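Please study the sequence and the model shown here before reading on. The paragraphs below then lead from single residues to the chain as a whole.

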Amino acid sequence: MILLKAQQILQTSIHHFAAHGYEGASLQEIATEVGIKKPSIYAHYKGKDDLFLQATTYALQEQKRRFATYFTKTRHHPLEQSLHGFFDWFISEQQDDLMRFILRAAYFPPEKLEQEMTERFNPFFDALHGLLTRLLRERDRTERILYSTDYKSAALAYLTVAEGTLTELVYNGVEAFHARQKAVWPIVWRGMSKFN
């Protein structure tokens, strides 16, 4: 029961942090939505900072799992389709509280928690890089389509483009995101594929 309540607080906080940011989220409103009194939050979390950091850790672990699931589900598609489709998948994920929370935490972290946020996000990006490197290696064995067998660099280049496109989404919206994606994807794929 205690773990269940802690999880409920965590998931409710993600919704509030995604909607209002760190500064705008209220522990009182989180407690009310969970159906507890505000002091009860402190039985599970040290305070707002601890709740925010634990929410970040949870959200990144869950998003890493979703990232892997996307590429598992598209493993029978041609590699180009799978990599290109990731951008559309991302747009659908962006509607979810979890992804909105991650984007807000990544691009607008609380100033006093910047170091702790970096300590959480760096391993997350390293894990995505490793996952994508393995994916490219495995897919190239069957499709023999990649220009280079330096899968680590190819994965990093792809993630760099994805992150740059994502920045456009955060600051300028979906339409700008699609415009940037449309502009960069043919160039990215020509750089990755040996069939141009």
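Which residues does threonine 12 touch, not counting residues up to four places away in sequence? They are Ile30, Glu33 and Val34, where contact means heavy atoms within 4.5 Å. Threonine 12 itself has its place in helix 1, which covers residues 2-24. Helices (H or I, at least four residues) and strands (E, at least two) are DSSP runs, numbered from the N terminus. Threonine 12 counts as buried because its relative accessibility is 10%; buried means under 20% relative accessible area, exposed over 50%, and partly exposed in between, with a 1.4 Å probe and protein chains only.

Some remarks on the basis of these values are in order. This is a predicted model, in which local features need pLDDT of at least 70 and side-chain atom pairs count only at pLDDT 80 or more, whereas totals for chains, interfaces and linings use all residues. Residues are numbered from 1 along each chain as its sequence is written, and side-chain values use heavy atoms, with hydrogens and water left out.

Helix 1 also holds leucine 10 and leucine 4. Leucine 10 counts as buried because its relative accessibility is 6%. Leaving aside neighbours within four places in sequence, leucine 10 is in contact with Tyr45, Leu51, Gln54, Ala55 and Tyr58. Its C-alpha atom is separated by 20 Å from that of glutamate 119, 109 residues apart along the chain. Leucine 4, by contrast, counts as exposed because its relative accessibility is 57%. Between leucine 4 and glycine 173 there are 36 Å in space, C-alpha to C-alpha, and the two are 169 residues apart in sequence.

The view may now be widened to the whole fold. The protein chain has 9 helices and 0 strands, and from the N terminus on its elements run α-α-α-α-α-α-α-α-α. Along its principal axes, the C-alpha trace spans about 60 × 35 × 30 Å. Of the 196 residues, 44% count as buried. Among the contacts with a separation of 6 or more, 70% are accounted for by residues 24 or more positions apart.

What lies inside may be described through the largest nonpolar core. Such a core is a set of buried Ala, Val, Leu, Ile, Met, Phe, Trp, Tyr and Cys residues joined through side-chain atoms within 4.5 Å. The largest one has 62 residues, of which Phe71, Leu83, Phe86, Phe101 and Leu136 touch the most other members. Among the elements that give two or more residues to this core are helix 1, helix 2 (27-34), helix 5 (79-93) and helix 9 (174-192). The largest share, 9 residues, comes from helix 4. Phenylalanine 101, leaving aside neighbours within four places in sequence, is in contact with Ile14, Phe17, Ala18, Phe52, Ala55, Thr56 and Ala59.

A further residue of note lies in a loop. Arginine 144 is found between helix 7 (114-143) and helix 8 (151-172). It counts as exposed because its relative accessibility is 55%. Its phi is near 50°, a positive value in a residue other than glycine. Most residues other than glycine have a negative phi.

Finally, the charges are to be considered. The chain has 24 positive and 23 negative side chains, and the centres of the two sets lie 5 Å apart. Here Lys and Arg count as positive and Asp and Glu as negative, while His and the chain ends are not counted; the place of a charge is taken as NZ of Lys, CZ of Arg, CG of Asp or CD of Glu.
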